[in-house]
Amino acid sequence: MKYCKELLAGILIGIGGITYLHTGDPLVSPFLFSVGLIAVVLTGSPLYTGRIGDFPLEKTGLARHIADYALMLLFNLLGAALTGLAASELFGFAGMSMEAKLAQSPLKALALGFGCGMMMYLAVSGYKKTGKLILLSLPVATFIFCGFDHCVADAFYFAAARTLPAWYYFPMVILGNTLGALFFKIVTSAQTN
């Protein structure tokens, strides 16, 4: 299947979500969630939020790049949602509270997605530069402690809870994740040039 690794990335983020929900410790769980991103990086599975910061901004082939990233995102979301549905059946997550996310305005979803996008870019670029897995864990734990929104992880959580968000939630979080990662890359690239 052509998009197996993209699907796998979503599944792995979902496994991070299962680990987070099972641990239940507010200080330990955010670090254990990062097992999902660590597995994504070690398997080379394309995760939208980990790669969008490196989106090629030149005009040549732009339509193709947009299509590739859109399909990556679609299969990431599908893998995470399927894992959420399975987790709901296996572990009884259906009905867990999603009140905080359900109450978000479009602007809040965008802002919380933006913060997560910055942390995801920091995590992946830090790992690429150093090869140190701890640099995947710390930014992930930070975005969880801060309450930032990760579109793929949220696909898992909403599916596991058997709850649907407002129509604008995912578009705003995806936009926030995208802009946060691109902003972080542009700002840090400008400082080094």
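## Second largest pocket

The lining of the second largest pocket splits into 6 nonpolar, 3 polar and 3 charged residues (Ala, Val, Leu, Ile, Met, Phe, Trp, Tyr, Cys and Pro are nonpolar; Asp, Glu, Lys and Arg charged; the others, Gly among them, polar). The model is predicted: local features need pLDDT of at least 70, side-chain atom pairs count only at pLDDT 80 or more, and totals for chains, interfaces and linings use all residues. Numbering runs from 1 along each chain as its sequence is written, and side-chain values use heavy atoms, without hydrogens or water.

This pocket holds about 170 Å³ of space (an open set of 1 Å grid points over the protein atoms alone, where a 1.4 Å probe fits, with protein on both sides within 12 Å along at least five of seven lines; lining residues have an atom within 4 Å of a point). Helix 3 (35-43), helix 4 (48-51) and helix 7 (106-130) each supply at least two lining residues (helices are DSSP runs of H or I, at least four residues, numbered from the N terminus). Among the lining residues are Asp54 and Lys128. Both also belong to a salt-bridge network with Lys185 (a bridge puts a side-chain nitrogen of Lys or Arg within 4 Å of a carboxyl oxygen of Asp or Glu).

## Largest pocket

The largest pocket has a volume of about 490 Å³. Of its 26 lining residues, Tyr20, Lys101, Ile144, Asp154 and Tyr157 are closest to the centre. Two or more residues each come from helix 1 (4-23), helix 2 (29-33), helix 6 (99-102), helix 8 (134-146) and helix 9 (151-161). The lining has 15 nonpolar, 6 polar and 5 charged residues.

Lys101 also forms a salt bridge with Asp149, with the closest N and O atoms 2.6 Å apart. This pair links distant parts of the chain: Asp149 sits in the loop between helix 8 and helix 9, Lys101 in helix 6, 48 residues apart. Both residues are buried (under 20% relative accessible area; exposed is over 50%, partly exposed in between; 1.4 Å probe, protein chains only).

## Other salt bridges

The whole structure has 6 salt bridges. Arg64 pairs with Asp68, at 2.5 Å between the closest N and O atoms. Both lie in helix 5 (residues 62-91), and because they are 4 residues apart, about one helical turn separates them. Arg64 is partly exposed at 47%. Asp68 is also partly exposed, at 30%.

Arg162 and Glu89 form another bridge, their closest N and O atoms 2.9 Å apart. Arg162 is in the loop between helix 9 and helix 10 (169-192), Glu89 in helix 5, 73 residues apart. Arg162 is partly exposed at 45%, whereas Glu89 is exposed at 59%.

How values were computed: Grid points are joined across faces, edges and corners, and a volume is the space filled by probe spheres set on the points.
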